[in-house]
Amino acid sequence: MLSPLVDAVRAAAAGGGDGKARALRIAGGGSKDFYGRPTAGEPLDVRGYAGIVAYEPTELVVTARCGTPLAELEATLAASGQMLAFEPPHFGGPPDLQPPHSGGPPGPQPPYSGATATVGGMVAAGLGGPRRQAAGALRDFVLGVTILDGRGEVLSFGGQVMKNVAGYDVSRLMAGSLGTLGIILEVSLKTLPCPVMEETLQFEMPEDKAIATLNRWAGQPLPVTASAWCAGELHVRLSGAPVAVSAARERMGGVRIDADAAQRFWLSIREQSAVFFGAEDALVRPLWRLSVPSTTPAAALDRIEGARLIEWGGALRWAASGTDAATIRDVAAKAGGHATLFRAEAGLRERIGVFQPLAPAALAIHRQLKAAFDPHGIFNPGRMYAEF
Amino acid sequence: MQTHLADWIKDTPEGIAAEAILRKCVHCGFCNATCPTYQLRGDELDGPRGRIYLIKQMLEGEPVSARTGLHLDRCLTCRACETTCPSGVQYGKLVDIGRAVAARKLERPWFDRLQRRVLAGVLPRPWLFAPLVTLGRWFRWLLPASLAAKVPADAPAAGARPPIRHARRMLVLAGCVQPALSPDINAAAARVLDRIGISLVEAEGAGCCGALRFHLDYQADGLQDMRRLIDAWWPLVEQGGIEAIVMTASGCGVTVKEYGHHLAGDPAYRDKAARISAMTRDLSEVLQAERVLLERALETTHETTHETASARLDSRATDKPDARSIAFHPPCTLQHGQQLRGVAEGILSAAGFKLVPVPDAHLCCGSAGTYSLLQPALSSQLQADKVAALQSGDASMILTANIGCQSHLAAAARLPVRHWVVALDERMAEMESFK
Amino acid sequence: MGDPGVNIERQAQVRARLAALLPAESILFEREDTRPYECDGLSAYRQQPMLVVLPANEDEVRAVLVACHDMRVPVVPRGAGTGLSGGALPMGDGVLLSLARMKKILSLDPAARMARVQPGVRNLAISEAAAPYGLYYAPDPSSQIACTIGGNVAENSGGVHCLKYGLTVHNVARVRGLTIAGEVVEFGSEALDAAGYDLLALMIGSEGMLAVVTEVSVRLVPKPETARCIMASFDDVERAGDAVAGIIAAGIIPAGLEMMDQAATRAVEAFAHAGYDLEAKALLLCEADGNPEEVAGEIARMSEVLQRQGATAIRVSRSEAERLLFWAGRKAAFPAVGRISPDYYCMDGTIPRKRLGEMLRFIAAMEAKYGLRCPNVFHAGDGNLHPLILFDANVPDELHRTEQFAAEVLEKCIALGGTITGEHGVGIEKINQMCVQFSASELALMRGVKAAFDPDGLLNPAKNIPTLHRCAEHGGMHVRAGRLAHPELPRF
């Protein structure tokens, strides 16, 4: 039901007896509570507003409400041989790996039966998994949204069609906005057919060579859809028509790994259940996410101590590191990218902030946008930046 | 596009023609993308779409100043825009009308007038131009640098002309500046055609095709040149036995092909002009039509292959480009004006030449008749860009199809610049010596 | 000589200020010189600008913006002026800021597959520069020969291959822009994302209303090994529409999926000589690209679907030259219509693919109602329609009837669950229909977005987002997909 949410927001905006608006912490399954700065505020559970509103495989569009479990959405698409091509991570819940169905295409499967992630949280976090390097980010698949703004108004932007440039692209702005602009009530996403076939190749190579090789491959018409390098081992996934996959395999070499193992491997990267992500205690060594140009040499990150994992053809570098935040952010900025304090204890996240600080002109725009969507500042204050 | 032509022009023949052309333009702007001057200046007013607008507002009776004249002058009339235009706007015809109206409405500064008068007086008259070129060669050291660059080095030797011995005959235009600058072109054309059983004849008293004066604000004098040339040709055409009129300079070719259009309003010449235009062929069209005969003449295939391969080996050894590797510059009057693309190139590759790819081949070299003299800044920029493009591959020679482009490029190029038929003639002679 | 619509005193004031900042030849003010700038690719709407400025670099752009901001002069940015929605329509009291002179490719890094270019670089020029490395820039709007990347960013331009390769928003990594106050803002980055809100997505498609683009980093992608294109003929337009859904249903995402009706193919063939089947009521162009064997397989699968859906003839391109020829005709479709009509009005609605047949019947009914012809060109794979209403601006009343025709078609798009513009932008042309597609609160929020960047409303005002006043005048009721949105909620 929509009315309780609308009422709650309007009440919060109106404020209590003192006329001061009350902050709300928009809550779904809680699977990504670790992400962003801690935010105070009264929890507003949006899981009651759930369900797949429309899904037409031939239109390549699905529309779902925010409370819909992500697992349910993915299962629905998989039944029609389609997927969310950006492979959103669920996070949270115990790993519950399902074996790939035999014979058929290795389509994406709900990774955790106990997973709590919701569609609204997925959009608000804006994160993508391994396939992002080839398919695009979550925001690239957002076709339209319906939001509840800070005045308690229900507003729709975009739509259910592939191309739409009427007005500003507010829909994509919602992706990754961490609930600070409004409650994402409903979202329409572009879906894609699952690849006919996938194969994973494994290579032994040092970091620099892996970066160079990944970039060289990316400049050629090869069906590479995922890559991960860690501790001298490079995994690369190929997807597509069998002839294209086998032609690419012959060109690239490497060792082909078993389909089950490959499935488990990519899931462990997507869900961060791989040893790399778990070995370091986030309380001691925070997990940093460095988003940099894919050709950034390994040496550019020398000032950051600790282990590294590379994804997205070199464009994503994970570092479990105790190096101070200023250094890490400086390294990322010099490389032409930015650093995110992805996992760390709440105190640290609050103290040093999670996201790369914004330039003054950009910060001013952020604040004004926030005010336009949420004039009373009730939604997830401080979750993205302390300033709003 | 909406038009409201002014009363003074609306119902005149040029007004009617202009309106029909203007109405085809949908203002899409594709033309600017291939316009050499728009590419250099980035101003709507120096691209075809803007010039069409300037002409439109002039014909709609808006006040015009010398600036409209300037933007029309800056147009090279390369007509690349016509090739690009999906709507079929005949820009070349429109700009002729626009320039004629501008010439009536605007007084040019005295120096500009003088310059045009001198050019219009000298260039179309071979008896005046040839001795001036010779003088220029002697006294090059006295000339200002800009003009000195325009004076070509010694004209290449023409070589012997074959006797007129075949039953198949075609007329060829000697042209006005070509005999003085590059007498080898028509001689080579005559030899190549002679080998396939066609004799070339020149008409007594044939002069300039009229393009020079027509495009220098002397449209009436240009038309007079056209009539004079028709008169010189007409007895031979009437006699019969002339299959076609061959053009070795594409700049003249495009003009003669449009005689029918230019003289459509002259009852005395209308029909003759149409007949002359219909008979006119670029040299590449003639050879293309005789492709079977030409290839028979070139039939030394295995020697060619063998010889080319060894030439390549040699060139690798000496690190010099292949002698047969050439860069072709298609003149605008050929590729846009006459819409002949790839024909000469096809003949050259059949003759064993290797054509290196040339970027932006659709762009003008900046010669454009007298443009290089009247708009030196834009012209030399285009010249530099074109020469760089032609020399960016591993060609050993630049070939083209119009005397204007040839001398303009030769003034700046490191590689030799020649007419393609001269290279073809040499190639055929070389192969004969192998036989 | 001034324009009646231009205030000469004001013009002199602003000109004096700008003359200190730019070379004289970079400022146009005489009526004779500014009139050719009075419209972009949509020549039905014209307005002579107060001034035209042609800056050569970012510093000059900044100087102009600061001066205009200071003097409260509206600024309308313009690229190649090929837009079809009047997005670059000048203002009589404003400065038209042409970015056409900023056309340098600043860097091209083949290893990182990234080109950094100035806004005036032509779309096709990027692909040409990338070609030696086996790379290209994917979005290929039909005007790609002429349109600039800055304009593509402003409109979020698509193209004939965007079903598989995406729109401008999917292929631009970073935009550097200047706000009206002259402040530099970096949108996105050359990494795969950037910190904070996705301002890059907001900037792309914002019709030059949020910031002026001064630099763009575009992603380059490897050229597929091969591409082949099917040209399928249908004796019925709706059947061709069904075939499009059939291909998607078969799990194929073709590299291109385009449709033209008979009137359009006949107009185009005269220019392109593409060998189109002129007897067919509709033609579909379906392209496959990738590894040669993969392409052969996909061509076979698509041919089978097309045959099953009743194609009367199927031709597959035999060479790259022939494939390009198939597309050359399609890409020249709009202007080629200039051969059969003095003026045309191009619409750009997008609808769910399955409603194509219904839409075509509606357009046919409108042709009869308004007595105007309307050939159709579609990005069928995306459901993006380009009906072209043919009219003659010299005939009184034809433009007016055309506008009414177009308004009905656009409103039908909304009723079918679609949108009024898929890739050309709202500009000035579809601004009234914005009142139908969006509620007053939604428009108010969008005005809030604009104010976050440009509180004084100086950058390309009067485009894209209508004022409440304008909507009241238009009188259109905001209705989405045939019903009021959320009728259960109290309305303000």
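A salt bridge here is a side-chain nitrogen of Lys or Arg within 4 Å of a carboxyl oxygen of Asp or Glu. The side chains of Lys354(C) and Glu56(A) meet this rule, with N to O at 2.3 Å.

The structure is a predicted model, in which local features need pLDDT of at least 70 and side-chain atom pairs count only at pLDDT 80 or more, while totals for chains, interfaces and linings use all residues. Residues are numbered from 1 along each chain as its sequence is written, chains are lettered from A and ligands numbered from 1 in the order in which they are written, and side-chain values use heavy atoms, with hydrogens and water left out.

## Chain C and chain A

Contact (heavy atoms within 4.5 Å) between these chains takes in 86 residues of chain C and 72 residues of chain A. The size of an interface is often given as the accessible area lost when the parts come together. Buried area is taken as the accessible area (1.4 Å probe) that two parts lose on being put together, summed over both. For chain C and chain A this comes to about 6,300 Å², with 63% from carbon and sulfur atoms. On the chain C side, the most area is lost by Leu192(C), Tyr197(C) and Leu445(C), which together give 14% of what that side buries.

Six salt bridges cross the interface of chain C and chain A. Polar contacts (a pair of N or O atoms within 3.5 Å; within protein, one must be able to donate a hydrogen and the other to accept it, and residues adjacent in sequence count only if both atoms are side-chain atoms) join 26 residue pairs across this interface, both residues being at pLDDT 80 or more. Elements giving two or more residues to the side of chain C that touches chain A include β9 (184-188), α9 (237-249), α11 (292-308) and α17 (440-453) of chain C. Helices (H or I, at least four residues) and strands (E, at least two) are DSSP runs, numbered from the N terminus. The largest share of that side, nine residues, comes from α17(C). The side of chain C that touches chain A has 41 nonpolar, 26 polar and 19 charged residues. In this division Ala, Val, Leu, Ile, Met, Phe, Trp, Tyr, Cys and Pro count as nonpolar, Asp, Glu, Lys and Arg as charged, and the others, Gly among them, as polar.

## Chain B and chain C

Chain B gives 41 residues and chain C gives 43 residues to their contact. The two bury about 3,400 Å² between them, 45% of it on carbon and sulfur atoms. In chain B, Arg23(B), Phe30(B) and Tyr53(B) lose the most area to chain C, together 17% of what that side buries.

The rule finds eight salt bridges across the interface of chain B and chain C. One salt bridge pairs Arg35(C) with Glu60(B), whose closest N and O atoms are 3.2 Å apart. Both residues belong to a salt-bridge network that links Lys56(B), Glu60(B), Glu62(B), Arg31(C), Arg35(C), Glu38(C) and Arg46(C). The side of chain B that touches chain C takes two or more residues from each of several elements, among them α2 (13-24), α5 (48-59) and α6 (66-74) of chain B. Its largest share, six residues, comes from α5(B). The residues on that side divide into 14 nonpolar, 16 polar and 11 charged.

## Salt bridges within chains

Over all chains, a search of the whole structure finds 92 salt bridges.

| Pair | N to O distance |
|---|---|
| Arg168(B) and Glu243(B) | 2.6 Å |
| Glu190(C) and Arg116(C) | 2.9 Å |
| Glu215(C) and Arg174(C) | 3.0 Å |

Arg168(B) in strand β1 and Glu243(B) in strand β3 of chain B are 75 residues apart. Burial is judged by relative accessible area: buried is under 20%, exposed over 50%, and partly exposed in between (1.4 Å probe, protein chains only). Arg168(B) is partly exposed at 26%, and Glu243(B) is partly exposed at 38%.

Glu190(C) lies in the loop between β9 and α8 of chain C and Arg116(C) in strand β6, so the pair ties together parts 74 residues apart in sequence. Glu190(C) counts as buried at 17%, whereas Arg116(C) is partly exposed at 31%.

Glu215(C) in strand β10 and Arg174(C) in strand β8 of chain C are 41 residues apart. Glu215(C) is buried at 13%, and Arg174(C) is buried at 8%.

## A buried charge without a salt bridge

Glu60(C) sits in helix α3 (residues 58-71) of chain C. Glu60(C) is buried but has no salt bridge, and the nearest side chain of opposite charge, Arg101(C), is 6.9 Å away. For charge, Lys and Arg count as positive and Asp and Glu as negative; His and the chain ends are not counted. Leaving out residues up to four places away in sequence, Glu60(C) touches Leu22(C), Pro23(C), Leu54(C) and Pro55(C).
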